[in-house]
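Colleague: Could you take me through this structure and tell me what stands behind each term?

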Amino acid sequence: MVALRIASALALAAAASARKMTVYNACPFTIWPAMYTPPDINSALPDHTTGWEAPAWSSVTFNVPDDWQSGRIWGRRNCDFSTNPGPNSCLTGGCNGGLVCDHYSGTGVPPATLAEWTMNGSGGLDNYDVSLVDGYNLPMRVSTNVGCPVAECPVDLGPNCPAANKGPFDSSGFPVGCKSDCQLASVPSNSPACCSGQWAGGPQDCPSSGAEPSYSYFKSNCPNAYGYAYDEPSGTALWTCPASKYAEYTVTFCP
Ligand SMILES: *[C@@H]1O[C@H](CO)[C@@H](O)[C@H](O)[C@H]1NC(C)=O
């Protein structure tokens, strides 16, 4: 009886310190979602694998810590893990590790649309966004169950992507990605398209004009997503929700 009461108390404590997250694949094809939690700034981890197969119309629900920082979820396309599992096992979004992404280095290979969170950050706010900073590979939406704003890029940005940015392509020649201009930069560590090096100071040092043509293409089709690294001044890149609402988040691929 005592043991049972302790067990219920622990269950309550766990419920109060985590949020439910649902990842739904509304694409009419299989994708392989992935999740990364930078280990240096996170002590607690989601209670779900870092990589899984999601058939069309399938969903999974799991818990993420209430103070999850810089956590991200993305999708992988056209994967085959049977030979040489690793970042090149997928046409887009692949990670170190293969199906299950490496805990320390398992970020996605660009181009990849990202959903990103900082839970309960400064001001007691959850921050979240859908990012095209690392390019595009799947339409995505992040929504809440408490009426906070929707972050999204619901459009397939592959077919009309500017020619130099378009790709990679599947075996039928269909573009399953659209690269950001940062990806095309000759020196990514010092580039106005990546807001790196001498352009790293902030929006005043790195206007969106340095990331053309991808910025205009991304932002005109997906205004409620991050179009380049310092897109906050657009007012439609980074979204917030009071942490006190304990929002549960749903990520929808191909919304
Ligand atoms: C947010 O963080 C503060 C400071 O650590 C903490 O007191 C508060 O309970 C947290 N709120 C939520 C909703 O997790």
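This is a predicted model: local features need pLDDT of at least 70, side-chain atom pairs count only at pLDDT 80 or more; totals for chains, interfaces and linings use all residues.

Modeller: Residues are numbered from 1 along each chain as its sequence is written, and side-chain values use heavy atoms, with hydrogens and water left out.

Colleague: What makes E7 and E8 a pair?

Modeller: First the names: helices (H or I, at least four residues) and strands (E, at least two) are DSSP runs, numbered from the N terminus. Two strands pair if DSSP finds at least two bridges between them. E7 and E8 have five bridges, in the antiparallel sense, so they count as a pair. Ala-115 has Val-130 in E8 as its bridge partner. The two strands form a hairpin with six residues between them. In that turn, Asn-120 has a positive phi of about 50 degrees.

Colleague: Which strands form the open sheet with antiparallel pairing, and in what order?

Modeller: The order is E2-E4-E7-E8-E11.

Colleague: Why are E2 and E11 said to stand at the edges?

Modeller: Strand E2 (34-36) and strand E11 (239-242) each have a single partner strand, so one side of each is left without a neighbour in the sheet. Neighbouring strands of this sheet are turned by 20 degrees against each other on average, direction ignored. The axes here are lines fitted to C-alpha atoms, for helices over the stretch in contact, and angles run from 0 to 180 degrees between N-to-C directions.

Colleague: How do you know that E4 pairs with E2 and with E7?

Modeller: Count the bridges. E2 and E4 share three, antiparallel, and Met-35 stands opposite Ile-73 in E4. E4 and E7 are joined by five, also antiparallel. There, Arg-72 stands opposite Glu-116 in E7.

Colleague: What is the order of the open sheet with mixed pairing?

Modeller: Five strands run E3-E1-E12-E9-E10. Strand E3 (59-65) and strand E10 (151-153) are the edge strands, each pairing on one side only. The twist averages 20 degrees from one strand to the next.

Colleague: Why is E12 called largely enclosed?

Modeller: Buried means under 20% relative accessible area, exposed over 50%, partly exposed in between (1.4 Å probe, protein chains only). Four of the five residues of strand E12 (residues 249-253) are buried, so the rest of the structure largely encloses this strand.

Colleague: Which residues of H3 are buried, and what do they pack against?

Modeller: In helix H3 (residues 214-221), Ser-214, Tyr-215, Tyr-217, Phe-218 and Lys-219 are buried. The buried residues of H3 pack against helix H2 (181-184).

Colleague: Is Ser-191 buried or exposed?

Modeller: Its relative accessibility is 5%, so Ser-191 counts as buried. Ser-191 lies in the loop between H2 and H3. Leaving aside neighbours within four places in sequence, Ser-191 is in contact (heavy atoms within 4.5 Å) with Ala-185, Ser-196 and Trp-199.

Colleague: Why is Pro-110 called partly exposed?

Modeller: Pro-110 has 33% relative accessibility, so it counts as partly exposed. Pro-110 is in the loop between strand E6 (90-92) and strand E7 (114-118). Beyond four places in sequence, Pro-110 is in contact with Asp-134 and Gln-183.

Colleague: What is the volume of the largest pocket, and which strand gives the most to its lining?

Modeller: The volume is about 270 Å³. E7 gives the most to the lining, with four residues. On a 1 Å grid over the protein atoms alone, a pocket is an open set of points where a 1.4 Å probe fits, with protein on both sides within 12 Å along at least five of seven lines; lining residues have an atom within 4 Å of a point. Grid points are joined across faces, edges and corners, and a volume is the space filled by probe spheres set on the points.
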